[in-house]
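This briefing is for a student who is meeting a complex of chains and a ligand, and it takes the ligand before the interface. Please keep the structure in view while reading.

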Amino acid sequence: MLGKKIKNGSIEDTLNRFLKDDQHLVLGFEKDENGVSLRAFKNHLDHYSFLNPIFSTNGALHLRRLFSKGTKIILMLRPCEIRAYIELIKLNQIEREDIIAVSIDCLGTVSSKEKADDIPVEAGQLKDYFKNSDTMRWACKVCREKRGVVGDAGIRIDKDGLFWAFPYTEKGETFLTLIEGESEENKTEMLMSGSEKTDKFQNDMKTFAKDFTKCIMCMNCRDMCPVCYCIDCVFNGDEYLPKGDALLNKILRSGPVQLPQGKELFHFIRMYHVSQTCVGCGACEEACPQGIPLTKYFKGVSERLQGMYSYMSGKSFDETIPYLTFLEDELKNAED
Amino acid sequence: MSQDKAEKNPEIIGFACSYCTFKASEMAGSLRLKYPDGVKLVQVPCSSRVDPAFVIKAIFEGADGVFVAGCHPGDCHFIKGNYFTRRKIAALKEMFDAFSMNDKLRLFWVSAAEARRFVEKVTGMYNEIKERKNVRKEN
Ligand code: SF4
Ligand code: SF4
Ligand code: SF4
C-alpha cells in the first residue's frame with residue numbers, strides 16, 4: 001500500500017502547520033509529568049504523543065452532538081475511539097464534513113486506576129513492557145481492531161519502529177498532503193497484526209447476578225459510554241425502575257428482591273441498545289467505581305449480535321447500522 | 001388466587017400490532033375461541049413500535065414469557081415496519097440465548113383474519129411455558 005514515512009518529529013510539524021489557522025483544532029494525546037492524557041490542541045502542540053497507553057475515557061465521548069460549523073478538526077486517536085466516532089456519525093450525532101479522523105496503531109492500554117509511572121510511550125518499549133506485565137486491560141487483550149485501519153487515514157508502526165501514514169478516504173489523502181515527503185510503497189511488516197477471534201459469549205443469570213452484586217446503579221457506565229448517546233434515556237428520572245409503590249407491588253407479587261432493584265433491567269436494556277454500536281473499548285468498565293467486569297458482557301453480547309448481521313461497529317463509514325435496514329428474505333428461524 | 005395457582009400459571013405479555021394480530025385476538029373473542037387468561041395483550045400501532053426495552057422490562061418485572069406479534073412480512077400497514085421488527089427481535093433472541101433465556105421470547109406473524117392461528121400460537125406458548133415451570137417446581 002502507498003503511504004508516507006513519517007520522519008522523526010515531522011508529524012508535530014505537520015499538525016503545527018495545520019494549527020496555524022485559528023479555526024483549526026487537533027484532538028490528540030499529550031504527555032506530561034502526570035502521564036498521558038487527551039487534549040484538544042489549539043495554535044500549537046505541546047508534548048504531543050502518538051500513543052496513549054493509559055485508558056481513562058474514550059475520546060469520541062467528547063464528540064457527541066458535535067456540529068463543527070466550519071471549525072476544522074483532526075482527530076489523532078486510538079482505533080476504538082475512531083470507531084465510536086464513525087458510529088456516532090451514522091447516528092447523526094456528528095457532522096463529518098470538517099473532521100479528518102486518523103486512527104493510530106494501538107499497542108494496548110492499562111487502566112487509569114493502575115499505577116503507571118513507569119509505563120513507556122514509545123512503541124517498541126511499550127511492546128516489551130506489555131510482554132513483562134499483565135496490567136493490560138482485558139478490553140485491550142481481546143480488542144477486535146488494534147490497527148490503525150479505520151477512519152479517513154491511519155498511522156501504522158512498522159517492525160523497525162517507523163511510523164507510516166496511509167490514506168483510506170479522500171480526506172485521508174488531504175491529510176497526507178500535509179505531511180512532507182513523497183508517498184512510497186510500504187514493504188516492511190507492521191508491528192501490529194489483526195486480532196484473533198474470541199469465543200462466543202455465553203453466560204447464565206446466576207453468574208450475572210454474582211458479577212453485578214456490587215452494582216450501585218450509579219449509571220457511570222452509561223454516562224461514559226461513547227455510543228450511549230440518547231438525550232432522553234429511559235433511565236433518566238425514576239419512571240423505568242421499580243421504586244415506591246411499584247417496588248412494593250413487585251415484592252408483594254413475586255417475593256423478596258435484592259436492592260437496589262432493576263440492575264438486570266438497566267444493564268440488559270443498555271446492552272441491547274448499544275449492541276450494534278459498541279466498540280468494545282471498555283470505557284464503561286473503566287468508569288465503574290465498583291470494578292464490575294462490564295466489558296465481558298457488553299463486548300460479548302455486542303459481538304454476538306453484530307455477528308448475526310456480519311457487521312463490525314466503526315469499521316466503515318458506509319455500512320448501515322443493522323437495525324436501520326433489513327433484507328426481505330432473512331432470519332426465518334427467528335419466527336415462531 | 002391461591003399462592004400455588006399463581007406460581008403454576010404463567011403470565012405472558014404479548015405485544016400485538018393493532019392492524020392485524022390485535023384484530024385477530026378480537027375476532028377470536030367474537031368467535032368465542034378461548035385462550036388462557038394468563039395471556040395479556042398490549043396493543044401497539046405497529047410491531048416495530050416495540051422497543052426491545054419493553055420486552056426486557058416485562059421479563060424482569062415478572063412475566064414468564066413475552067411475544068411480539070405483527071402482520072406477515074410484506075403486509076405491514078406501514079409497509080416495512082415488521083421487517084425492522086424481525087431484525088430487532090431476532091437480535092434480542094440472540095441476546096437472550098447468550099444468557100440461556102431463549103425460552104422466554106417469541107415472534108410470530110398473525111394477520112387480522114387468522115383468529116384460529118392466534119389462539120393456537122398463544123396457547124402453544126402458554127402450555128410450553130407452563131409445563132417447563134411446573135417441571136422446574138417439582139425438581
Ligand atoms: S480497546 Fe483496542 S484500540 Fe482501544 S485502547 Fe484497547 S487495544 Fe487500543
Ligand atoms: S458499552 Fe462499554 S465497551 Fe461498549 S462502547 Fe460503550 S463503553 Fe465501550
Ligand atoms: S458504573 Fe458500575 S456500579 Fe455504576 S451502574 Fe454501572 S455497573 Fe453499576
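The shell around ligand 1 is made up of 5 nonpolar, 2 polar and 4 charged residues, where Ala, Val, Leu, Ile, Met, Phe, Trp, Tyr, Cys and Pro count as nonpolar, Asp, Glu, Lys and Arg as charged, and the others, Gly among them, as polar. This is a predicted model, in which local features need pLDDT of at least 70 and side-chain atom pairs count only at pLDDT 80 or more, while totals for chains, interfaces and linings use all residues. Residues are numbered from 1 along each chain as its sequence is written, chains are lettered from A and ligands numbered from 1 in the order in which they are written, and side-chain values use heavy atoms, with hydrogens and water left out.

**Ligand 1**
- Among the residues around ligand 1 (a heavy atom within 4 Å) are A:Cys80, A:Cys106, A:Cys140 and A:Cys143, and also A:Arg78, A:Arg137, A:Glu145 and A:Lys146.

**Extent of the interface**
- In chain B, 34 residues are in contact (heavy atoms within 4.5 Å) with 39 residues of chain A.
- Chain B and chain A bury about 3300 Å² between them, with 61% of it on carbon and sulfur atoms; buried area is the accessible area (1.4 Å probe) that two parts lose on being put together, summed over both.
- On the chain B side, B:Phe60, B:Arg87 and B:Phe99 lose the most area to chain A, together 25% of what that side buries.

**Charged pairs**
- Between chain B and chain A there are 5 salt bridges, each a side-chain nitrogen of Lys or Arg within 4 Å of a carboxyl oxygen of Asp or Glu.
- One salt bridge joins the side chains of B:Lys93 and A:Asp336 (2.8 Å, N to O).
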